[in-house]
Amino acid sequence: MKLQFLFKGFKIMSPKYSLVKAGVLYNVAIWVLLMSAIRGSEGKLVKRHPTISYRAVNCRKHSAFITEFGAKGDGKTLNTKSFKSAIKHLSKFAPDGGAQLIIPPGRWLTGSFSLISHFTLYLHKDAVVLASQDEKDWPILPPLPSYGKGRDAPAGRYQGLISGTNLTDVVITGANGTIDGQGEAWWTKFRSNKLTETRPHMIELMYSNGVQISDITLLNAPFWNVHPVYCRDVIISGLTILAPTHSPNTDGIDPDSCSNVRIENNYIVSGDDCIAIKSGWDEYGNRFNMPTQHVIIRYLTCISPTSATIALGSEMSGGIRNVRAEHITAIDTESGIRIKSSPGRGAFVKDIFVRKMTMKTMKYVFWMTGYYGAHPDPYFNPRALPTIKNINYMDMVAENVSMPGYMEGIKGDVFKGICMSNVTIGLASKPMEMLWNCTNVEGVTNRVMPRPCGLLREDKKVVECPFPEDRLPIEEVELKNCVAPLAV
C-alpha cells in the first residue's frame, strides 16, 4: 500500500504505513486543508465572526466596526471623528454592494455626523450612541426652505445627531440598540430662552429616498426624534421612542413634505405629538409647495398627556393628503387625531382616513382648530386660508374621556366633509359640561355616542365612513433577511 500526501510542497511517502497511521495522516491532511481555506488566498488568517440577522430593504456586501477607526465605548471619549472616518472609508463600497457600520456594545459619545448612500448603521442590542451636550459638536445649518425660520429662534438650526442629504438607500437599524440624545441640557436652555438657534433633531434625513429607520430605541431627544424631510419611499418601524412627558417638543415621528411613507409597529412616550404630519410653515411652505402624501400609519401605541396621538399640522402649508391610520392605541393622551391650522397657512388637509382606534384616559377624542397661530414672522398672508375636507373616522372606542369633540373651523372657511361612524366614547367621572363644541364645521355621523353637535348631523344612510381598499406602493415593499457580524 502506498499513500502520498502533499502539504505546501512537502512530500510524505508512506509505503509501509498501517491503516491506523494512514488514518491519522488523513485527518492531518483534512486539518491542513481547512486551515488553508480559513486563511484565504493570501495565507492570512480570516476571522469568522458570529452573526445576527436583521431585516432591511437592502443587505450590504461589506462590514466594518466603529472600533476599527479608533472609537472607544467608554461614555467619555468623543468619537465624532471616528464616526466620520468610518463612514468616509465605507463610502467607496457604495457601488460594490454597499456597506454597514456596526456599533458594538458600549457607550459611544459623539457629536453630529452624516450618513451616505447604500449604507446601513447597525446598533448592537447593548450599544448606546450618546449625543454630546457641547454645542460646539453640533454644526449650525440654515433654516429649512419650507420653514424660512427656525422653530425655536429665527436664526439657523443645529444639525441633527444622525443626518444625511440627497441619499439613496440608507438604513438605520439594530437589535433594539439605543440612541440617547441627552436632551435635558437642551430643554433647560429652551425654557430659559437661551437658544439663538433651533435645537437639533435626533435623526434628520433630507432630500432622500429609500429610507428605513427600524428596531432601535430613541431616548431624550433634544427636539423632534425622527424627521424625514423632502423624502420619499420611507419606512419607519419597530421604534421605541421615550422622553419625559413634560419635555418640550419631543415629537416622536414627523414626516415633513414626504411621499410614500410607512409607519408601523412603534411605541412612543412623548412630551409632544407622538406622530405629527407636516409640510412647511406659512408663506415659505406655500412657495416650496411640497405636500406630505400617501402615508400609512398602523399599530401605534402612544402616551402623551399634553399632545396628540396623531397630529396633522400645524405646519401644513405645502398640503397634507391621503393619510391612512389604523390599529392605533392611545393611553393617557390629550387627543386622538388633531388637525391644527391657522389663517396664513393656506394649502389643505384632505383625504384623511382613520379606523380601529382604541383610546383610554383622554381629554379629547376629536380635536381640530383653525386658529392655532404660531407664525414664522409677521409677513404671512392672513387671507391664505387652509382647505380642510374629507376627514373620516370609523370603528373607534374610547373610555374615561373629558370631552368627545372640540371642532373649530375658521369663519368664512368651513371645515367640510367630516364623517364619523361606529364611535363609542365613555365619559370620565367628571366630564366637561359641554361635551361637543362645534363651530364652522359640517359633516355626517352614524352610531356615534354621545351624540355629536348639530353641525355633524346624524345620517343613518351612512353605514360606515370610507377607508381606501387599495394599498399604497410603500406597503408592497418587502424587507430582506440580512446579516451583521457581532464582534470584531
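## What you're looking at

This is a predicted model, where local features need pLDDT of at least 70, side-chain atom pairs count only at pLDDT 80 or more, and totals for chains, interfaces and linings use all residues. Residues are numbered from 1 along each chain as its sequence is written, and side-chain values use heavy atoms, with hydrogens and water left out.

The pLDDT (the predictor's confidence in each residue, from 0 to 100) averages 91 over the chain, and 90% of the residues score at least 70. Residues 1-46 are another story: pLDDT is below 50 there, and this stretch has 37 contacts in the model beyond near neighbours in sequence (a contact means heavy atoms within 4.5 Å). Where pLDDT is low, the predicted coordinates should not be read in detail.

Helices here are DSSP runs of H or I with at least four residues, strands are runs of E with at least two, and both are numbered from the N terminus. Helix 2 spans residues 80-90, and Thr-80, Ser-82, Phe-83, Ala-86, Ile-87 and Leu-90 are buried in it. Looking down the helix axis, those buried residues fall within an arc of 165 degrees, so they line one face of helix 2; the arc is that of the directions from the helix axis to the C-beta atoms. Buried means under 20% relative accessible area, exposed means over 50%, and partly exposed is in between (1.4 Å probe, protein chains only).

What does the buried side pack against? The buried residues of helix 2 pack against strands including strand 4 (62-65), strand 5 (74-78) and strand 9 (119-123). On the face turned away from the buried side sit the exposed Lys-81 and Lys-88.

## Rings that bridge the chain

There are 13 aromatic pairs in the structure. Rings of Phe, Tyr and Trp (its six-membered ring) pair if their centres lie within 6.5 Å, with planes under 30 degrees apart counted as stacked, over 60 as edge-to-face and the rest as tilted. Tyr-54 and Tyr-122 make a tilted pair, 5.1 Å centre to centre with 40 degrees between the planes. That pair links strand 3 (residues 51-56) to strand 9, with the two tyrosines 68 residues apart. Tyr-54 is buried at 6% relative accessible area, and Tyr-122 is buried at 2%.

Phe-353 and Phe-467 pair edge-to-face, 6.4 Å centre to centre and 70 degrees between the planes. Both phenylalanines are buried.
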